Amino acid sequence: MNLYINGQNREFSELDTEPALVHLVDLLEMKADRIAIERNGDIVPRATWQQVSLRNGDKLEIVQFVGGGK
C-alpha cells in the first residue's frame, strides 16, 4: 500500500492485510498518546484509529508533540 505521509510517498506491504490506522502507528513506532493524525484533510480522532481502514493513496499528516523547555 502506498501512502503519502507528511508529503513523502511511502510503501507498506504490511498494511495490505491489516490496513487499520492503528497498525500504521505501530509500524512507524510512534507513541499514540503523543501524535495527531489527519487523513485526506480530516482529523482522525484517536478513539477511531482501530476502525479506520487506510486506502492506497491516502494522504496523512502526522504531528508529533514534543515536550521540553523551561
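## Ground rules and overall layout

Two strands count as paired here if DSSP finds at least two bridges between them. With that in hand, take strand 1 and strand 5: they run parallel to each other, and two bridges link them. Keep in mind throughout that this is a predicted model.

The chain holds one helix and five strands.

The five strands make up an open sheet with the order 2-1-5-3-4, and the pairing is mixed. Its edges are strand 2 (8-11) and strand 4 (42-44), each of which pairs on one side only. From one strand to the next, the twist averages 35°.

## Strand 1 and its two partners

Strand 1 covers residues 2-5 and pairs with strand 2 in the antiparallel sense, over four bridges. Together these two strands form a hairpin with two residues between them. Have a look at Asn6 in that turn: its phi is positive, at about 50°. Ile5 sits opposite Gln8 of strand 2, and Asn2 has Glu11 of strand 2 as its bridge partner.

On the strand 5 side, where the pairing is parallel, Tyr4 stands opposite Lys59.

## The nonpolar core

In soluble globular proteins, nonpolar side chains tend to be buried together. In this model, the largest nonpolar core has 16 residues. Leu3, Leu21, Leu24, Ile37 and Leu54 are the ones with the most contacts inside it. Strand 1, helix 1 (21-27), strand 3 (35-39) and strand 5 (59-64) are the elements that give two or more residues to this core. Helix 1 gives the most, with three residues.

Skipping its neighbours within four places in sequence, Leu21 touches Ile37, Val44, Trp49, Val52 and Leu54. Of that set, Ile37 and Leu54 are themselves among the core residues with the most contacts.

## The chain as a whole

How does the radius of gyration of the chain fit that of a compact globule? A compact globule of 70 residues would come in near 11 Å, and the chain has 12 Å, so the two agree. Along its principal axes, the C-alpha trace spans about 45 × 25 × 20 Å.

Buried residues account for 29% of the 70 in the chain. The accessible surface is about 4,900 Å², and 45% of that belongs to carbon and sulfur atoms. As for sequence distance, take the contacts between residues at least 6 apart: 49% of these join residues at least 24 apart.

Notes:
Residues numbered from 1 in each chain as written. Predicted model: local features only at pLDDT ≥ 70, side-chain atom pairs only at ≥ 80, totals over all residues. Heavy atoms only, no water. Axes fitted to C-alpha atoms, helices over the stretch in contact; angles between N-to-C directions. Core = buried A, V, L, I, M, F, W, Y, C linked by side-chain atoms within 4.5 Å. Buried < 20%, exposed > 50% of the residue type's maximum accessible area, 1.4 Å probe, protein only. Contact = heavy atoms within 4.5 Å. Rg over C-alpha atoms; globule rule 2.2 N^0.38 Å. Areas by Shrake-Rupley, 256 points an atom, 1.4 Å probe, with all protein chains shown as cover.
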